[in-house]
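Please read it alongside the sequence and the structure.

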Amino acid sequence: MKVTLNPDTEIVRAIKEGLDKKGGYCPCRMEKSEDNKCICKEFREQIKDPDFEGFCHCMLYYKEK
């Protein structure tokens, strides 16, 4: 299992800029809650799933099997 940044540097730049503006909370979500703090709860749970491979909700991170 390996988690990496999206290879698209423009997406990474835009998402990191959004994270900075929102104090570390996912820029793709309206609510500022601990569940939406990067790395969000949704993706942390997907990381634990041995069958999951793909991007997090905002496309910043990618999990390989």
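Helices (H or I, at least four residues) and strands (E, at least two) are DSSP runs, numbered from the N terminus. This is a predicted model, in which local features need pLDDT of at least 70 and side-chain atom pairs count only at pLDDT 80 or more, while totals for chains, interfaces and linings use all residues. Residues are numbered from 1 along each chain as its sequence is written, and side-chain values use heavy atoms, with hydrogens and water left out.

- Side chains of opposite charge can pair when their charged atoms come close.
- Glu10, Arg13, Glu17 and Lys21 are joined in a network of salt bridges.
- Arg13 bridges to Glu10, with the closest N and O atoms 2.5 Å apart; the two residues are 3 apart in helix α1 (residues 9-21), so about one helical turn separates them.
- Arg13 also forms a salt bridge with Glu17, at 3.1 Å from N to O; these residues are 4 apart in helix α1, again about one helical turn.
- Glu17 in turn pairs with Lys21, the closest N and O atoms being 3.6 Å apart; both residues lie in helix α1, 4 residues apart, which is about one turn of the helix.
- Accessibility is classed by relative accessible area: buried is under 20%, exposed is over 50%, and partly exposed is in between (1.4 Å probe, protein chains only).
- On that scale Arg13 is partly exposed at 42%, Glu10 is partly exposed at 45% and Glu17 is partly exposed at 38%, whereas Lys21 is exposed at 67%.

- Two strands pair if DSSP finds at least two bridges between them.
- An open sheet is formed by 3 strands in the order β1-β3-β2, with antiparallel pairing.
- The edges are β1 and β2 (54-55); each has a single partner strand, so one side of each has no neighbour in the sheet.
- Helix α2 (residues 41-48) packs on the sheet and touches β1, β2 and β3, and its direction makes about 15° with that of β3.
- Contact means heavy atoms within 4.5 Å; axes are lines fitted to C-alpha atoms, for helices over the stretch in contact, and angles run from 0 to 180 degrees between N-to-C directions.
- β1 and strand β3 (residues 61-64) run antiparallel and are joined by 4 bridges; Val3 has Lys63 as its bridge partner in β3, and Leu5 stands opposite Tyr61 in β3.
- β2 and β3 pair in the antiparallel sense over 2 bridges, and Phe55 has Tyr62 as its bridge partner in β3.
- The hairpin of β2 and β3 has 5 residues between the strands, and Met59 in this hairpin takes a positive phi near 75°.

**Leu5**

- Leu5 lies in strand β1 (residues 2-5) and is partly exposed, at 37% relative accessibility.
- Leu5 touches Val12, Lys16, Leu60 and Tyr61, leaving aside residues up to four places away in sequence.
- Leu5 and Leu60 are 55 residues apart in sequence, yet their C-alpha atoms are 5.8 Å apart in space.

**Nonpolar core**

- A nonpolar core is a set of buried Ala, Val, Leu, Ile, Met, Phe, Trp, Tyr and Cys residues joined through side-chain atoms within 4.5 Å.
- In soluble globular proteins, nonpolar side chains tend to be buried together.
- The largest nonpolar core has 10 residues, namely Val12, Ile15, Leu19, Cys26, Cys40, Phe43, Phe52, Cys56, Cys58 and Leu60.
- The largest share of this core, 3 residues, comes from α1.

**Cysteines**

- A disulfide is a pair of cysteine sulfur atoms within 2.5 Å, and the count by this rule is 0.
- Cys40 is in no disulfide, the nearest cysteine sulfur being that of Cys26 at 6.0 Å; Cys40 is buried, with a relative accessible area of 9%.
- Cys56 is likewise in no disulfide, and the nearest cysteine sulfur, that of Cys58, is 3.7 Å away.
- Cys56 is buried at 6% relative accessible area and touches Phe43, Gln46 and Tyr61, residues up to four places away in sequence not being counted.

Notes. A salt bridge is a side-chain nitrogen of Lys or Arg within 4 Å of a carboxyl oxygen of Asp or Glu.
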